[in-house]
Amino acid sequence: KLQFLYFIENLKKVTMADWAESSAQYLQLHQIGQIWERITHALVTMRPDNVIDFMISKLETLKTQKDVPGRRLVFLIGGPGSGAEEVAVSLAQDLSTVPLDGSIFISQAGGAEATAEKVALTLRSTLLDKGYNVFTIHNYPVAISQALLTEIQVTPASLCIYLEIPEEDQAVSTGRAKDDIQAEMNRDVLPLVEYYKAKESLLTIDKTQPDWYDKVKTAVEREKSLLEPVE
């Protein structure tokens with residue numbers, strides 16, 4: 001009898017271990033963690049009144065719109081005078097990446113009145129038209145909601161490069177007051193920095209360092225090496 005009970009107890013342990021392993025494999029195979037993370041981020045960012053309908057709508061979006069294959073997004077963010085556009089152009093010349101100006105597809109989506117969802121869909125269409133490459137995007141996202149909807153409706157950014165420059169340099173290069181610059185940083189830039197830092201996809205570049213562009217170039221070269229061929 002004791003041997004039988006010992007056998008049953010061991011069988012339970014083996015069965016539970018197999019169940020746990022198969023469950024983990026299932027969750028990984030179907031990307032359940034990533035799906036739940038996207039929906040959770042959407043909930044806490046958008047804070048809809050009707051939570052169930054909102055979750056259903058996001059699941060429907062994920063069902064019909066898969067990640068855009070063969071494209072890697074690199075966001076270039078920074079405060080006034082950070083030179084993100086110039087960096088995107090330089091990378092295009094050096095690495096044959098594709099620079100995109102977020103203000104253009106925001107305008108195509110309807111301008112300042114366009115919803116984050118519509119802007120993300122416009123970006124998606126742009127990426128599909130441009131083809132297989134690394135895209136360096138400046139002037140986008142400018143809000144957490146845009147970053148989030150891009151993840152849900154397009155594809156998660158593989159890298160976000162924060163071009164950090166001293167406030168004094170920002171004021172000199174833009175001719176704007178420091179208080180005005182700080183307000184914009186606190187409102188638009190720093191929340192995105194924290195967002196991508198939490199996702200472990202942030203690279204902070206100190207533009208006062210002489211080798212700052214080499215570091216940017218190396219990071220984007222790595223993104224190109226990770227591009228997956230599309231059949």
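D180 forms a salt bridge with R176, and the closest N and O atoms are 3.0 Å apart. A salt bridge here is a side-chain nitrogen of Lys or Arg within 4 Å of a carboxyl oxygen of Asp or Glu. Before I go on, this is a predicted model: local features need pLDDT of at least 70, side-chain atom pairs count only at pLDDT 80 or more, and totals for chains, interfaces and linings use all residues. Residues are numbered from 1 along each chain as its sequence is written, and side-chain values use heavy atoms, with hydrogens and water left out.

R176 and D180 belong to a network of salt bridges together with E184.

How many salt bridges does the structure hold? There are 7. One of them joins the side chains of R72 and E223, at 2.7 Å from N to O. Helices and strands are DSSP runs numbered from the N terminus, helices being H or I with at least four residues and strands E with at least two. R72 is partly exposed at 22% relative accessible area, whereas E223 counts as buried at 4%.

Another bridge is between K199 and E151, with the closest N and O atoms 3.4 Å apart. K199 is in the loop between α9 and β5 (202-206), and E151 is in helix α7, 48 residues away. K199 is partly exposed at 24%; E151 is buried at 5%.

Now the rings. The structure holds 5 aromatic pairs. Rings of Phe, Tyr and Trp (its six-membered ring) pair if their centres lie within 6.5 Å; planes under 30 degrees apart count as stacked, over 60 as edge-to-face and the rest as tilted. F75 and Y140 are edge-to-face, 6.0 Å centre to centre with 70° between the planes. F75 lies in strand β1 (residues 71-78) and Y140 in the loop between β3 and α7, so this pair ties together parts 65 residues apart in sequence. F75 and Y140 are buried, F75 at 1% relative accessible area and Y140 also at 1%.

F105 is in helix α5, 35 residues from Y140. Ring pairs link F75, F105, Y140, Y195 and Y196 into a cluster.

Where does Y196 sit? Its place is in helix α9 (residues 178-198), and Y196 is buried at 2%. Beyond its neighbours within four places in sequence, Y196 is in contact (heavy atoms within 4.5 Å) with residues including F75, P141 and C160.

Last, helix α5 (residues 102-109). Which of its residues are buried? They are G102, F105, I106 and A109. These residues cover an arc of only 105° around the axis, which puts them on the same side of α5; the arc is that of the directions from the helix axis to the C-beta atoms. Among the elements covering them are β2 (98-101) and α6 (116-130).

Methods
Buried < 20%, exposed > 50% of the residue type's maximum accessible area, 1.4 Å probe, protein only.
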